[in-house]
Amino acid sequence: MDSMMTLFMAITGGINWEECYKPLKDVSLLAMGFMNLYIVIGFFTILNVVTGVFVNTAIESANTDKDLATLKQMHKRLAQVDNLKQIFQEIDDSNANQVSIDELEEALATNKMGSFMESLGISTDDVWSLFLLLDADENGVIDLDEFVNGCMNLHGPAKSLQVAKMSYENKVTRQAIKHLTDDIQEVRNLQLLALKFRLVKEAM
């Protein structure tokens, strides 16, 4: 029993290995060799395997948490899509599968619709701007797909890609305005030149 306790303490750090070797010197070198073999197998093999099992379990648990978070996010998105479809059906009283600016404005005036849009992070202060953003094909009405996709795109804070896209579009717009201004100035210069030429010709 004492021998088993000594071996347990030797591998768990409860006793110094040197204290184990001193009695074994009086027995034989073979006993010291078996002691070395026991420490090598127990400490460097078994304990490392146990540690590896715990680490692997922790990694698998973390991956499972990520999968659960992804699944939860997917369920949340699907629930939002279903809610948006239901809201659209409530707005579309005529069952025409399209909503006008007047219908949207009337619906946003109710607490239910306005509160739901605000919960998605979509401002309802400017109904006309909201309608223009949702009307993707610019035909003056919003269909179901435009309403759902538009609200989901407007949901939450702006994404970096969306911000970059807006910045690029603003840059292109500024360049187009600059070119248009240059063209207008060039036309004016040509008009002035033509006027001067006509005046010179009349003077002659």
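Student: Happy to start with a helix pair: how are H4 and H6 oriented to each other?

Tutor: This is a predicted model, in which local features need pLDDT of at least 70, side-chain atom pairs count only at pLDDT 80 or more, and totals for chains, interfaces and linings use all residues. Residues are numbered from 1 along each chain as its sequence is written, and side-chain values use heavy atoms, with hydrogens and water left out. The axes of H4 (residues 101-108) and H6 (residues 127-134) come within 10 Å and cross at roughly 125°, where axes are lines fitted to C-alpha atoms, for helices over the stretch in contact, and angles run from 0 to 180 degrees between N-to-C directions. Angles under 35 degrees count as roughly parallel, over 145 as roughly antiparallel, 65 to 115 as roughly perpendicular and the rest as oblique, so H4 and H6 are oblique.

Student: Which residues of H6 does H4 meet?

Tutor: Contact means heavy atoms within 4.5 Å. By class, the contact of H4 with H6 has 7 nonpolar, no polar and 1 charged residues, with Ala, Val, Leu, Ile, Met, Phe, Trp, Tyr, Cys and Pro taken as nonpolar, Asp, Glu, Lys and Arg as charged, and the others, Gly among them, as polar. From H4, Ile101, Leu104, Glu105 and Leu108 take part, and they meet Val127, Trp128, Leu130 and Phe131 in H6.

Student: Is Gln80 buried or exposed?

Tutor: Gln80 lies in helix H3 (residues 29-91). Buried means under 20% relative accessible area, exposed over 50%, and partly exposed in between (1.4 Å probe, protein chains only). With a relative accessibility of 12%, Gln80 is therefore buried.

Student: What does Gln80 touch beyond its sequence neighbours?

Tutor: Neighbours within four places in sequence are set aside here. The remaining contacts of Gln80 are Leu120, Met152 and His155.

Student: And how far is Glu118 from His155 in space?

Tutor: Glu118 belongs to helix H5 (residues 111-119), and its relative accessible area of 41% makes it partly exposed. In sequence, Glu118 and His155 are 37 residues apart. From C-alpha to C-alpha, their separation in space is 9.4 Å.

Student: Lastly, how many helices and strands are there?

Tutor: Helices (H or I, at least four residues) and strands (E, at least two) are DSSP runs, numbered from the N terminus. Starting at the N terminus, the elements run α-α-α-β-α-α-α-β-α-α. That gives 8 helices and 2 strands.
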